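Thanks for coming. I will take a few minutes to go through one chain, and please keep the picture in view while I talk.

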Amino acid sequence: KQWYQRRVAITAGGKVKDTLTKEQQAAIEAEEQCTKLESMKSKLEDEVSGLMDQIDEEQDNNFKISAQKRALEAELSDVKSNIEILESSMKTKDADLHRKDEALTAKEGECAKKDEEMRRLADKQKSLEAAITDLEVSLASASEKAASLDRAKKKADTEVKRLTEELDNERLNKATLDKNLRTKET
């Protein structure tokens, strides 16, 4: 129907040249729009690639942090086990001290050593617990970053899809305009 109306307008008014110029201008504008959209698509694809690299890096960091956390938890478990062993040992030593007055001086020296080792282990336990807390915070932060990057990637993918569809529509319009232009030139 549009083609017929254009043909009637061309033959009725004798404005073939004006119509052809308008068609050519529309084709040039469509081509420029396609170029702009392709540039935007390329930029968005680069951004998506960058986001994917960041996601990979954050996932690697998460894996490393999780491994460190597991190692620290195992070490903490060993420390707790050692503390329990030492506490049990101290109870035994205390009972022996009460039964053996003649060895009191020697046993007090052993207790002092055990107390020092317990304090050292308790300090180590506190520092390990603090390190685990820091790792858990880092892991939570990294997880939030990964989630944020996933959302940004989805948004960018949606934008790329929309721009791709818009580009395809512009190409179709350009092809139609080119076809009409060739038909009018003949």
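First, the ground rules. This is a predicted model, in which local features need pLDDT of at least 70 and side-chain atom pairs count only at pLDDT 80 or more, while totals for chains, interfaces and linings use all residues. Residues are numbered from 1 along each chain as its sequence is written, and side-chain values use heavy atoms, with hydrogens and water left out.

The chain has three helices and zero strands, in the order α-α-α from the N terminus. Helices here are DSSP runs of H or I with at least four residues, and strands are runs of E with at least two, numbered from the N terminus. Of the 186 residues in the chain, 24% are buried. Buried means under 20% relative accessible area, exposed means over 50%, and partly exposed is in between, with a 1.4 Å probe and protein chains only.

Now the charges. Side chains of opposite charge can pair when their charged atoms come close. A salt bridge is a side-chain nitrogen of Lys or Arg within 4 Å of a carboxyl oxygen of Asp or Glu, and the structure holds eleven of them.

Take helix H3, residues 104–185. Arginine 119 and glutamate 116 form a salt bridge at 3.3 Å, N to O. They are three residues apart in helix H3, so about one helical turn separates them. Arginine 119 is partly exposed at 46%, and glutamate 116 is partly exposed at 43%.

Further along, aspartate 157 and lysine 153 meet in a salt bridge at 2.9 Å, N to O. Both lie in helix H3, four residues apart, about one turn of the helix. Lysine 153 counts as partly exposed because its relative accessibility is 22%.

There is also a network of salt bridges linking Glu31, Lys174 and Asp178.

Next, helix H2, residues 16–99, where glutamate 57 is found. Serine 42 also lies in helix H2, and is partly exposed at 34%. How far apart are the C-alpha atoms of serine 42 and valine 160? They are separated by 8.9 Å, although the two residues are 118 residues apart along the chain.

Last, the cysteines. How many disulfides are there? A disulfide is a pair of cysteine sulfur atoms within 2.5 Å, and by this rule the count is zero. Cysteine 34 counts as buried because its relative accessibility is 4%; cysteine 111, at 12%, is buried too.
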